[in-house]
Amino acid sequence: MKLIQELNRSIILNMIREYGPISRSEIAERNGISPSTVAAAVTDLMKERFVYEAGTGNSKGGRKPIMLRFSPDNHYILGVSITNSNVTFAEMNMEAIIRRKSISNIDHLDNQMVIPHLLNLLEKFICKCPTDKECKGISVIVPGIVDTSKGIIHLNTNINLKDVRLKEMIEERFKITTWVENDTNAIVLAEKKFGKYNMYNNLLFVTIGEGVGAGIIMNESIFRGGRGDAGEFGHTSIDRDGIRCDCGNIGCLENYVSWSAVHSRIVSLISKGRSTEMADAVQNNIALITPAVFRNAVMKGDSLATDIMTEVADYLSVGIVNLIHLFNPELIIIGGSIGQDNEVLIQKIDSYVRKHALTVFIENLKIYPTTLGEDTELVGAGSILLQDLFLFSLSSDAGIYR
Ligand SMILES: [Zn+2]
């Protein structure tokens with residue numbers, strides 16, 4: 001829990017950030033905080049170089065007010081994204097704009113080496129960070145079950161992480177406050193606050209890639225569930241007689257639409273003699289077909305790729321109708337290495353759900369692509385930290401920052 005003084009400070013800082021240039025008296029009026037509290041907080045924020053005075057505004061009678069603005073570049077934050085195959089690091093300003101990033105492959109590592117390797121890479125990355133600016137925190141995002149309050153990764157089955165006390169480990173080694181969050185929660189927040197979807201208050205982000213999952217913002221807050229694991233969309237069942245899943249369940253969606261499922265299907269159809277331009281694109285080295293190669297073939301109308309995409313869309317759409325009936329979202333964002341920039345997939349899902357979901361649920365429903373491009377995860381990591389620091393509102397009435 002933050003102290004009241006700290007809360008006021010965050011509210012004042014966020015107001016300057018969202019509505020600046022703004023005067024001290026307007027901040028006091030808008031928030032119902034006393035002018036002396038605002039003045040004291042602003043003095044502190046100026047000393048810490050978060051805020052500066054930027055000329056005078058129009059007078060409503062009497063002296064012209066001094067206007068305040070936010071300085072996003074006097075401090076920085078670090079974002080870290082862990083996936084099955086890579087760890088990526090970014091130095092960002094206080095508006096989640098990336099200044100420098102670095103990516104490392106972890107495919108070759110034994111699972112138990114992932115975290116020690118990540119800490120060593122982080123140390124190297126921090127060494128190159130600016131010395132004249134203060135780091136306000138490190139934010140790590142990872143697929144799987146994460147206790148955000150304690151910063152513990154309870155479970156990630158893909159790289160076999162279990163009860164990793166990552167926040168503690170990073171804070172002990174680097175003495176920098178650290179956040180740990182599930183990747184889809186971070187991405188849905190980033191798409192809302194730093195992407196193009198600020199006008200929606202109830203939105204879902206669905207990722208289809210190495211894994212399948214959903215990030216959920218309902219009633220203007222991230223919906224995490226009891227242990228922080230809401231949104232395990234990939235392990236919702238779409239076939240009670242289906243494939244047995246590692247999680248113990250049967251017919252989990254992930255086993256039909258994840259990249260490993262898609263890749264096996266490509267290999268199987270090629271081995272049956274089907275031709276595809278994907279094979280040409282990788283000089284017949286089928287192992288080198290990536291999600292991007294697959295998406296590209298779908299866009300070009302390759303028949304094998306299109307057949308598989310249609311199967312994926314059918315399975316996924318069944319799951320998405322369930323999500324629509326459960327959550328009644330205004331917007332579903334489709335992303336992940338298979339889902340991103342995939343108009344064909346979005347169109348197929350859209351036409352399926354319009355046939356199969358209840359009319360009242362789909363009248364105002366939009367299904368759109370991600371808008372943050374290849375940096376979605378890193379901006380996601382940044383936005384988790386910034387939300388805590390600034391307590392920014394998730395209401396669509398709040399300002400859009402970029
Ligand atoms: Zn499962």
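1. In this predicted model, P329 makes contact, once its neighbours within four places in sequence are set aside, with N202, L204, M218, L323, I324 and L365. P329 sits in the loop that runs between α11 and β15 (331–335), and its relative accessible area is 2%, so it counts as buried, the cut-off being under 20%. Between P329 and K366 there are 8.6 Å in space, taken C-alpha to C-alpha, although the two are 37 residues apart in sequence.

2. The largest nonpolar core has 47 residues, and the members that touch the most others within it are I266, F294 and I334. Helix α11 (residues 303–327) supplies the largest share of this core, namely 11 residues. Another core, lying apart from that one, consists of 46 residues, including L45, L68, A90 and F392.

3. For F294, the residues touched, with those up to four places away in sequence not counted, are W259, V262, I266, M278, A305, I308, M309 and I338. As general background, nonpolar side chains in soluble globular proteins tend to be buried together.

Technical notes. Residues numbered from 1 in each chain as written. Predicted model: local features only at pLDDT ≥ 70, side-chain atom pairs only at ≥ 80, totals over all residues. Heavy atoms only, no water. Core = buried A, V, L, I, M, F, W, Y, C linked by side-chain atoms within 4.5 Å. Buried < 20%, exposed > 50% of the residue type's maximum accessible area, 1.4 Å probe, protein only. Helix = DSSP H or I, 4+ residues; strand = E, 2+ residues; numbered from the N terminus. Contact = heavy atoms within 4.5 Å.
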